[in-house]
Amino acid sequence: MAEELTFDTTLTKAEQYRQLLPQIEALTTGEPDLVANLANTVAALRQAFGFFWVGFYLVKDNELVLGPFQGPIACTRIRHGKGVCGSSWAQAQTLLVPDVEQFPGHIACSSESKSEIVVPVLKDGTVVAVLDVDSDQLNDFDQDDQQALEQLMTLAARWF
């Protein structure tokens, strides 16, 4: 596939995800490099939806370490169970946070982040990374985001 994506912004968000996910799969199929696949995935998500911040944190030596991302500079390391990302890792489940200020122990990597969704990448039942998506708007994520991003992280698990 050419390194070009097509989007129809007149579609609903769910339809836009249905349009985007096969394109990401085609873009990453046959590419063995983890970083290349993670980088193209965050670029595609940001290009398609204009997210404030989108990126991966990889599990390394019992902490999350910043991986490929797009957006403002970010926290480099996050401890297990800390903040939204560390909590998603500890619970091995998606966390959808409509207002990050209301999340106990939220780590403010950027004061502009208002809502967040974090989706774990599970490989053989173990969290190997998390996808973190932040918005500068409150309550910006919903079940459409959760369903599509969980589907995308099932694909991402193949890259590890």
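Author: Helices are DSSP runs of H or I, at least four residues, and strands are runs of E, at least two, numbered from the N terminus. This is a predicted model: local features need pLDDT of at least 70, side-chain atom pairs need 80 or more, and totals for chains, interfaces and linings use all residues. Residues count from 1 along each chain as its sequence is written, and side-chain values use heavy atoms, without hydrogens or water.

Reader: How do α1 and α2 cross?

Author: At roughly 155°, with axes (lines fitted to C-alpha atoms over the stretch in contact) within 10 Å. α1 covers residues 13–28 and α2 covers 34–49. They are therefore roughly antiparallel (over 145 degrees).

Reader: Which residues make the contact?

Author: From α1, Lys13, Gln16, Tyr17, Leu20, Ile24, Leu27 and Thr28 have heavy atoms within 4.5 Å of α2. α2 answers with Asn37, Asn40, Thr41, Ala44, Leu45, Ala48 and Phe49.

Reader: Now voids. How many cavities of 30 Å³ or more?

Author: There are 2. A cavity is a set of points on a 1 Å grid where a 1.4 Å probe fits but cannot get out; lining residues have an atom within 4 Å of a point. Of its 20 lining residues, Ile107, Cys109, Glu116, Asp132 and Asp134 are closest to the centre.

Reader: Which element gives the most to that lining?

Author: α3, with 3 residues. β1 (53–60), α3 (83–91) and β6 (126–135) each supply at least two.

Key
Axes are lines fitted to C-alpha atoms, for helices over the stretch in contact, and angles run from 0 to 180 degrees between N-to-C directions. Angles under 35 degrees count as roughly parallel, over 145 as roughly antiparallel, 65 to 115 as roughly perpendicular and the rest as oblique. On a 1 Å grid over the protein atoms alone, a cavity is a set of points where a 1.4 Å probe fits but cannot get out, and a pocket is an open set with protein on both sides within 12 Å along at least five of seven lines; lining residues have an atom within 4 Å of a point. Grid points are joined across faces, edges and corners, and a volume is the space filled by probe spheres set on the points.
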